[in-house]
Amino acid sequence: MEKSERTKSLQKKNFILSFFHYLFLFGPLLVFVIIGYTTGTSGQKITLTLSMVTAIVLALISLLVSVSHKAGLHRTILWILIVGVMHCL
């Protein structure tokens with residue numbers, strides 16, 4: 001069955017927005033971890049490791065929820081939590 005132009009357009013937009021979703025989800029985590037490990041002392045590296053484990057757990061929960069459910073309240077709440085953890089880091 002042939003897809004309509006509207007369906008193709010929406011699928012393309014969905015792909016682009018999904019790409020940005022995962023980029024903004026994991027991008028700051030990777031950047032701040034690299035910066036922290038290159039410039040931090042040994043105590044800061046231990047703290048960063050513990051914070052990184054927490055952030056990874058929250059990111060994986062968000063990933064699982066966003067895959068298993070459609071975009072909505074679940075994704076929004078987890079985004080707020082992840083942004084808060086990243087801000088604290």
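So, salt bridges: a search of the whole structure turns up one, counting a side-chain nitrogen of Lys or Arg within 4 Å of a carboxyl oxygen of Asp or Glu. The pair is Glu2 and Lys8, with the closest N and O atoms 3.6 Å apart. Glu2 is exposed at 68% relative accessibility, while Lys8 is partly exposed at 36%. Here buried means under 20% relative accessible area, exposed means over 50%, and partly exposed is in between, using a 1.4 Å probe and protein chains only.

Quick caveat before I go on: this is a predicted model, where local features need pLDDT of at least 70, side-chain atom pairs count only at pLDDT 80 or more, and totals for chains, interfaces and linings use all residues. Numbering runs from 1 along each chain as its sequence is written, and side-chain values use heavy atoms, leaving out hydrogens and water.

Okay, the fold. The protein chain has three helices and zero strands; those are DSSP runs, H or I of at least four residues for helices and E of at least two for strands, numbered from the N terminus. Of the 89 residues, 20% are buried.

Now H1. With 35 residues, H1 reaches 50 Å from first C-alpha to last, close to the 51 Å expected at 1.5 Å a residue, where the expected span is 1.5 Å times one less than the number of residues. Still, H1 bends by about 30 degrees at Phe26, and Pro28 follows within four residues. That bend is the angle between axes fitted to the seven residues ending there and the seven starting there. What's buried in H1? His21, Leu25, Gly27, Leu29, Val33 and Gly36.

Last thing: the greasy bit. Phe15, Ile16, Phe19, Phe20, Leu23 and Phe24 make a nonpolar surface patch with about 620 Å² of accessible area together. Areas are Shrake-Rupley with a 1.4 Å probe, and for residues only the protein chains shown count as cover. Patch members need over 30% relative accessible area and no salt bridge; like charges are joined within 9 Å, nonpolar side chains (Val, Leu, Ile, Met, Phe, Trp, Tyr) within 5 Å. Phe20, in H1, is partly exposed at 35%.
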